[in-house]
Amino acid sequence: MNFFAHVIQIEGGVLHLKQMSPSTYVCLNSQKIQSRTMSITMRDRSKNRKPLQRGRNLSIEAIQTIQALKRAAKHSELSLEQVFENKFRRLLKFDMIAVLREFLRQNQCLLALKVFEDFRKEDWYRPQLLLYAEMVTVLGSNGLLEKVELLIMELKAETIVNPDVEGFNALLESLMNLNLTGLAMESFDLMKSLSCDPDRRSFKILIDGLKSSGEMDLLAVMLQDAKKYGYSVNFLEKDETDMSSECKH
């Protein structure tokens, strides 16, 4: 017995019902399937995927933790603490730092501070001056100057701070950009107390900042301090001349 498939075609707005033999139907159908199959191409995404850089790019665990912390922060302190216990404190060191930096990038200041306070309790924690500088910049730019002051107090209370000139310079620059001269001078004193000798950039940051804020008395002291460290270079001599002319006016 021959079986025929019925095919509906539209020609000139009129429906036509046609019969087609099974062999022809299967042949045409297989051609359509083959055509569709040929148009689908699979790409190996692993070839385009960049390797994770811990502390910079966020791992899946870090992303999930960030999302969970933001959701919990909208509910209650208890919910937030539960997320810290169940998720954040199980992260690796580099993921914890990555979470903090991501909150700073998003200007989520209060969450960033809570994350910072939490991982300071970890055994591996050591103060990172560059991280302090980042936090000062973000907190200050969001108007949280009292939090900046508390942050510098906590830094001064740290028992182990590496004498990192680059880190201190970044911190001094962040503070001077916010016109927090007093905190900058406190950080400068901390720097010297740790036997971390300021370099030319350290003095340049402070001298330029003191000139901009009109702190002439502190400027005179800083110029003398710079000379004690052997920085009687052109930029210092020029600043002394400028300062004298400004004082006369």
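Colleague: Which residues in helix 10 meet Val-165, Asn-169, Ala-170, Leu-172, Glu-173 and Met-176 in helix 8?

Modeller: This is a predicted model, where local features need pLDDT of at least 70, side-chain atom pairs count only at pLDDT 80 or more, and totals for chains, interfaces and linings use all residues. Residues are numbered from 1 along each chain as its sequence is written, and side-chain values use heavy atoms, with hydrogens and water left out. Helices (H or I, at least four residues) and strands (E, at least two) are DSSP runs numbered from the N terminus, and contact means heavy atoms within 4.5 Å. On the helix 10 side, the residues that meet those of helix 8 are Arg-201, Ser-202, Ile-205, Leu-206, Gly-209 and Leu-210.

Colleague: How do the residues of the contact of helix 8 with helix 10 divide into nonpolar, polar and charged?

Modeller: Ala, Val, Leu, Ile, Met, Phe, Trp, Tyr, Cys and Pro count as nonpolar, Asp, Glu, Lys and Arg as charged, and the others, Gly among them, as polar. On that scheme the contact of helix 8 with helix 10 has seven nonpolar, three polar and two charged residues.

Colleague: At roughly what angle do the axes of helix 8 and helix 10 cross?

Modeller: Two packed helices are described by the angle between their axes and the distance between the axes. Axes are lines fitted to C-alpha atoms, for helices over the stretch in contact, with angles from 0 to 180 degrees between N-to-C directions. Angles under 35 degrees count as roughly parallel, over 145 as roughly antiparallel, 65 to 115 as roughly perpendicular and the rest as oblique, and helix 8 and helix 10 are therefore roughly parallel. The axes of helix 8 (residues 165–177) and helix 10 (residues 200–213) come within 9 Å, and they cross at roughly 5°.

Colleague: Is the crossing in which helix 9 passes helix 11 left-handed or right-handed?

Modeller: The axes of helix 9 (residues 181–193) and helix 11 come within 13 Å and cross at roughly 20°, so these helices are roughly parallel to each other. A crossing is left-handed if the near helix is turned anticlockwise from the far one by less than a right angle, and right-handed if clockwise. Helix 9 passes helix 11 in a crossing that is left-handed.

Colleague: Which residues of helix 11 make the contact with helix 9?

Modeller: By class, this contact has four nonpolar, one polar and two charged residues. Helix 9 contributes Thr-181, Met-185, Phe-188 and Lys-192, and helix 11 contributes Leu-218, Met-222 and Asp-225.

Colleague: Is Asp-225 buried or exposed?

Modeller: Asp-225 sits in helix 11 (residues 216–228). Beyond neighbours within four places in sequence, Asp-225 is in contact with Phe-188, Lys-192 and Phe-203. Buried means under 20% relative accessible area, exposed over 50% and partly exposed in between (1.4 Å probe, protein chains only). Asp-225 has 12% relative accessibility, so it counts as buried.

Colleague: Which residues of helix 4 make the contact with helix 2?

Modeller: The axes of helix 2 (residues 60–73) and helix 4 (residues 93–105) come within 10 Å and cross at roughly 50°, so the two are oblique to each other. Helix 2 passes helix 4 in a right-handed crossing. From helix 2 the contact takes Ala-62, Ile-66, Leu-69 and Lys-70, and from helix 4 Asp-95, Val-99, Glu-102 and Phe-103.

Colleague: How far apart in space are Ala-98 and Asn-57, C-alpha to C-alpha?

Modeller: Ala-98 lies in helix 4 and is buried, with a relative accessible area of 2%. Ala-98 and Asn-57 are 41 residues apart in sequence, while their C-alpha atoms are separated in space by 7.2 Å.

Colleague: Why is helix 5 largely enclosed by the rest of the structure?

Modeller: The buried residues of helix 5 pack against helix 2, helix 3 (77–86), helix 4, helix 6 (129–141) and helix 7 (145–157). Among those buried are Cys-109, Ala-112, Val-115 and Asp-118. Helix 5 (residues 109–119) is largely enclosed because, of its eleven residues, the number buried is eight.

Colleague: Which residues does Leu-111 touch, not counting those up to four places away in sequence?

Modeller: Leu-111 is in helix 5 and counts as buried at 7% relative accessibility. Leu-111 and Leu-69 are 42 residues apart in sequence but 8.0 Å apart in space, C-alpha to C-alpha. The residues Leu-111 touches are Leu-69, Lys-70, Ala-73, Leu-80 and Phe-103.

Colleague: What percentage of the residues in the protein chain is buried?

Modeller: The protein chain has twelve helices and two strands. Of its 249 residues, the buried ones make up 34%.
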